Amino acid sequence: MPLGGRIQFGPACCRPPSLAAASPLSSPATSPRSISISTSNSCGFSRRGARKKRRCISWTVSAATPADMATNSALTKLAPLEAILFDIDGTLCDSDPIHFCAFRDLLQQVGFNDGVPITEEFYSATISGGHNDDLARALFPDMDHQKAMQFMDDKEALFRKLAPGQLKALDGLHELCGWIEGRNLKRAAVTNAPRANAELMLSLLGLTDFFPVLVIGPECDRAKPFPDPYLKALQLIDASPEHTFIFEDSASGVRAGVAAGVPVVGLTTRNPGKVLKDAGASLLAKDFQDPALLSVLQEIEPAAANAQG
């Protein structure tokens, strides 16, 4: 099938496993320390980005051990925290299963790899975290680039078709957003995704109004893994890299953050922790409820006076 032709969406093979919904973090049994997530009952966001009332939530975490603090020293030096930057795909939400199925379906339709479906391992190593211009060249090195980019456009259209029924927030995301808003921290979303995808995901997650700044990597001079998108975000929100950290889930994104001079928390949503560590992540976390992450947040949260500002 020519890449520029009409592609039929195959629903059967594009249904990733159900994603777990966010739930309150269970408290560890020893050495508890409480972090209050919200300071009012109006810190939530609806599915369309409008505010809705939500009861205040408390996170309880274990006291950090000396070994933990040594590992997280790059983060604890950020105190007082001023800003947090977020990747979107795989960070705010576990979207990789949807992307994987879209790629698998369409690559098979155009005869990639002699029609043999790609594996999750191939997707993780070759596709995840890349931006479309680079991916088009890597997947179709002998094809006219315009036709290769048409394939990428078709793939993104399939992703947007599937996402509304399947996209869910990573565990603890909305509680963390309430914590951030309650402390008046600056924030931005920074992604290599096309703008249409990014805006759709933020809308589905109810975070359109939460992020005052959205930086699209391909709209910068250089996308991730170069630092340009994160440097642009810091400039737009007027934040210092000395008091900012980044949430990322891919090696490409971690490298971009490190190159921008900002510590990175690597979320092990899909990629192995070792890959993220090797790329330069200062801390690994399973999700936004991870006790190691919550412990660091308590160490670096702004003073009460600043949080009220």
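## Salt bridges

A salt bridge here is a side-chain nitrogen of Lys or Arg within 4 Å of a carboxyl oxygen of Asp or Glu. Searching the whole of this predicted model turns up 11 of them.

One of these joins aspartate 133 to arginine 137, at 3.4 Å from N to O. The two sit four residues apart in helix H5 (residues 132-139), so about one helical turn separates them. Aspartate 133 is partly exposed, at 27% relative accessible area, and arginine 137 is also partly exposed, at 47%. Lysine 155 and glutamate 156 pair up too, with their closest N and O atoms 3.2 Å apart. Here lysine 155 is buried at 2% relative accessibility, and glutamate 156 is buried at 5%.

## A link into the sheet

Lysine 224 meets glutamate 248 with the closest N and O atoms 2.6 Å apart. Lysine 224 lies in the loop between E7 and H9 while glutamate 248 belongs to strand E8, so the pair ties together parts 24 residues apart in sequence. Both residues are buried, and Asp87 joins them in a network of salt bridges.

## The sheet and its helices

Six parallel-paired strands make an open sheet, ordered E7-E6-E5-E8-E9-E10. Strands E7 (214-216) and E10 (283-285) are at the edges with a single partner each, so one side of each has no neighbour in the sheet. From one strand to the next, the twist averages 25°.

Helix H9 (residues 228-237) packs on this sheet, touching E5, E6, E7 and E8. Helix H12 (residues 291-300) lies across E8 and E10, at about 125° to E10.

## Confidence

The chain's average pLDDT is 81, with 74% of residues at 70 or above. Over residues 1-70, pLDDT stays under 50.

Terms used:
Residues numbered from 1 in each chain as written. Predicted model: local features only at pLDDT ≥ 70, side-chain atom pairs only at ≥ 80, totals over all residues. Heavy atoms only, no water. Pairing = 2+ DSSP bridges. Axes fitted to C-alpha atoms, helices over the stretch in contact; angles between N-to-C directions. Contact = heavy atoms within 4.5 Å. pLDDT = per-residue confidence, 0-100. Buried < 20%, exposed > 50% of the residue type's maximum accessible area, 1.4 Å probe, protein only.
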